[in-house]
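Morning, everyone. I have one model to walk through today. Let me put it on the screen.

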Amino acid sequence: MVTNKRTTHAVFSGQQSGQPRLPSIFNRNPAFYTPVNLEPVQTTTPEANSTRMNTTAIIGGGFSGTLASVNLVRFAKKQQRVVIVNSGRPFGRGTAYGTTRPEHLLNVAARNMSAFPDHPDHFFHWLRSRCEFDSVPDAELRETFVPRQIYGDYVRGVATHFLGSHDPRSQVECKVIEDTAVDIEPRGDGGVVLLEKGQPIEAQNVLLATGNQPPAGLPGAERLASDSRYVGNPWKNWHESLPNDDAHIVVLGTGLTAVDVVVTLRKKGWNGRITAISRNGMLPQRHFRGIQWPSVVPDDGQHRSLQELSKLIRQDCERLRGVSQNPAIAVDKLRGRTQAFWQNLTIEEKQRFLKEYAPSWNVIRHRIAGPIHDAITDSLDCGQLTIIPATIQSLSAEERTIDVSLIDTSSQPQTVHGDLVINCTGPKARFSNSGIPLYQQLFARGLAKPDDMDMGIAVDSHFAVIDADGQSSAFLHAIGPILKGTLWETVAVPELRAQAMHVAQAILLQPPVHIQDFDTIEYCI
Ligand SMILES: Cc1cc2nc3c(=O)[nH]c(=O)nc-3n(C[C@H](O)[C@H](O)[C@H](O)COP(=O)(O)OP(=O)(O)OC[C@H]3O[C@@H](n4cnc5c(N)ncnc54)[C@H](O)[C@@H]3O)c2cc1C
C-alpha cells in the first residue's frame with residue numbers, strides 16, 4: 001500500500017500509548033485540503049454498464065452509509081467503485097446530524113463520538129482543531145455535548161477527505177446520487193438497485209443503511225396530510241412558522257425528538273403552552289457524573305435468562321442507590337455486552353423485555369445533555385410544559401384546532417385541542433407493515449425477511465441479510481438502526497462505527513481487523 005508520511009495531519013500524530021496504529025490509508029491522501037465536489041448529483045447516465053471494477057451500492061447516506069463507504073476506501077486493496085444512493089436527509093448528516101437547529105445537542109459526550117472504532121479519539125482531536133473550543137481544557141472538551149450540526153460537519157469532513165479524493169492512487173471511485181432506492185433485483189452474483197427517478201445501478205454488493213424509519217402515522221393522520229396545523233414529520237422545518245404565544249402546541253411523544261421540539265420552541269422565544277403526551281409519560285434522564293463500578297453480571301451473563309439478568313441488574317441498582325449513586329450506572333456498565341444478552345434471549349423473553357422493561361431502559365440508557373435537561377425542567381417548573389401519560393387513540397381536524405383523542409391511565413377518554421400538533425412518536429412498531437417500498441419489495445422477492453421481533457430485518461453475524469429461506473445473502477448486507485430486533489443496541493455511533501468498519505471488511509472479503517476494546521460507558525467519572 002502506498003503511504004505518504006509528508007501529508008499526515010497533526011490530529012493523527014497524538015496517539016496515546018496502547019492505542020492501535022492507524023492503517024496507512026490515513027496517511028496517504030495528498031488531497032486532504034483540496035476542495036472537492038461531493039454534492040449529490042442527479043443521475044442521467046446509465047450506471048449499469050460499468051464492468052471495470054467491483055461496484056458496491058450503498059442505500060442511505062447518513063452516518064452508517066457514509067462511514068461504510070469511508071471504510072471501503074480505507075481497506076480496499078484493489079480497485080472498487082462505490083455508489084451511495086441517498087434521499088430525504090442531507091448526505092453525511094442523515095436524520096440526527098442534519099438538524100438545522102444549533103440548540104440540538106449530541107446526547108453522547110465527545111469522547112465517545114469518534115467515527116472510527118480503531119481510532120477512538122478521532123472526533124476529540126477534530127474538535128480540538130476548531131477555534132470555538134480553544135479555551136476549553138481537554139478533560140472538559142471530552143465530556144462536552146456539542147451541537148449535532150457540528151457533528152454533521154465532522155462526518156461530512158471525513159467523507160470529503162476519504163470519498164472526495166481525486167488522488168490517482170486511490171483504489172476507490174465514489175459517487176453520491178440523490179434519489180430513492182425502491183427495489184433490488186438479483187442479477188448474476190449481485191443485484192440491480194432500482195431508483196425512483198434515475199437509472200438502475202448494477203452492483204456486486206449492496207448495503208442497506210437506510211437508518212431510522214420515518215415516524216409512524218397515527219389513526220386519523222392520513223386526513224391531515226395537507227393541514228398546516230399537523231406536522232407528521234418532526235425533521236421538517238415546522239419551526240419556521242409558529243402560532244402566536246396564546247396558542248397551544250401538542251407534542252405526541254416524550255422521547256428525544258419531543259425534547260428537541262421543546263428546546264427549539266424555547267430557543268425561538270415561543271412562550272405558549274406545550275402539552276407532551278406518551279403512554280408512560282417518561283422524559284429522558286440527564287447525563288451525570290458517576291464512579292468506577294464493577295458490573296455484577298458475571299462473564300457468562302449472555303447465558304442467563306431474562307429473569308436472572310433482571311434480578312442481577314435490580315440488585316446492582318439497589319447497591320448503587322445504597323451508596324447514593326445513580327442506578328443508570330448499572331445499565332451503562334452492560335453496554336459492551338448488551339447485544340450478546342439480547343441475542344441469547346428467547347423470543348418470549350424479548351417480547352417481555354419490550355413490554356415490561358424497555359420503556360424504563362430507554363429513558364435511562366438514552367440520556368440527554370445537562371443544558372437540555374435544564375431547559376426541559378425549567379419548562380415544567382414554569383408551567384409551560386405539561387406531560388400527560390395516556391394512549392393516543394386518534395387525531396381529527398376540527399374548525400379551530402386539531403383534536404387528539406386519548407385514553408388516560410385511569411382508562412378515561414380525554415381530548416386535547418392543539419393549534420399545532422407535532423408527531424414525535426417514532427417509527428412504527430411492526431416493520432413488516434411499515435409500507436416502505438424498498439423493504440416491501442425485498443420481502444416480496446424473498447431477498448430479506450423481518451427479524452423475529454419484526455423491528456427490522458434479519459442479518460447474520462457478518463451483517464449479510466438473511467433471505468426468506470433462512471440463507472445468508474451473498475451480495476446484500478445491512479447495518480444500522482434497522483438491526484434493532486437482531487441486536488437491540490444498534491442506534492448510536494459507538495455501535496454503528498464498528499458495524500460500518502466490519503461490513504466494509506466483509507464486502508471486501510477481508511477478515512475483520514481486531515479492535516482493541518475501550519470503554520464506551522456514557523456517564524463520566
Ligand atoms: C434526533 C436524533 C439524535 C441522535 N443523537 C445521537 C447522538 O448524539 N449520538 C449518537 O451516537 N447517536 C445519536 N442518534 C442515533 C443515530 O441514529 C445515529 O447516530 C446515526 O445518525 C444513524 O445513522 P444512519 O445512517 O444509520 O441513519 P440515518 O441518519 O437515518 O440515515 C439514513 C439515510 O438514508 C436515507 N434513506 C432511507 N431510505 C432510503 C432509500 N430507500 N433510498 C435512498 N435513501 C434512503 C435517509 O433519508 C437518510 O438520509 C440520534 C438519533 C436521532 C434520531
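A definition before anything else: pLDDT is the predictor's confidence in each residue, from 0 to 100. We need that here, as this is a predicted model. Over residues 1–51, pLDDT stays under 50. The model has 75 contacts beyond four places in sequence for that stretch. Where pLDDT is low, the predicted coordinates should not be read in detail. So much for the start of the chain. For the protein chain as a whole, mean pLDDT is 88. Of its residues, 89% reach 70 or more.

Now the overall picture. The protein chain has 525 residues, and 40% of them count as buried. DSSP gives 14 helices and 16 strands. Take the contacts with a separation of 6 or more: 72% of them join residues 24 or more positions apart.

Next, helix α12, residues 437–445. Its buried residues are L438, Y439 and L442. Down the axis of α12, these buried residues fall within an arc of 90 degrees, so they line one face of the helix. The general rule behind that: an α-helix has 3.6 residues a turn, so residues three or four places apart point the same way. What do the buried residues of α12 pack against? Strand β4, residues 181–187. Just after α12 comes G446, with a positive phi of about 75 degrees.

Last stop, I482. Where does I482 lie? In the loop between β16 (472–478) and α13 (484–487). Buried or exposed? I482 counts as buried, because it has 28 C-beta neighbours inside 10 Å, and the cut-off is 20 or more. Leaving aside neighbours within four places in sequence, I482 contacts L208, T210, G456 and I457. Then look at A209. I482 and A209 are 273 residues apart in sequence. In space, they are 7.9 Å apart, C-alpha to C-alpha.

That's my tour. Over to you.

Notes: Residues numbered from 1 in each chain as written. Predicted model: local features only at pLDDT ≥ 70, side-chain atom pairs only at ≥ 80, totals over all residues. Contact = placed C-beta atoms within 7 Å. Buried ≥ 20, exposed ≤ 12 C-beta atoms within 10 Å, placed from the backbone. Helix = DSSP H or I, 4+ residues; strand = E, 2+ residues; numbered from the N terminus. Arc of directions from axis to C-beta.
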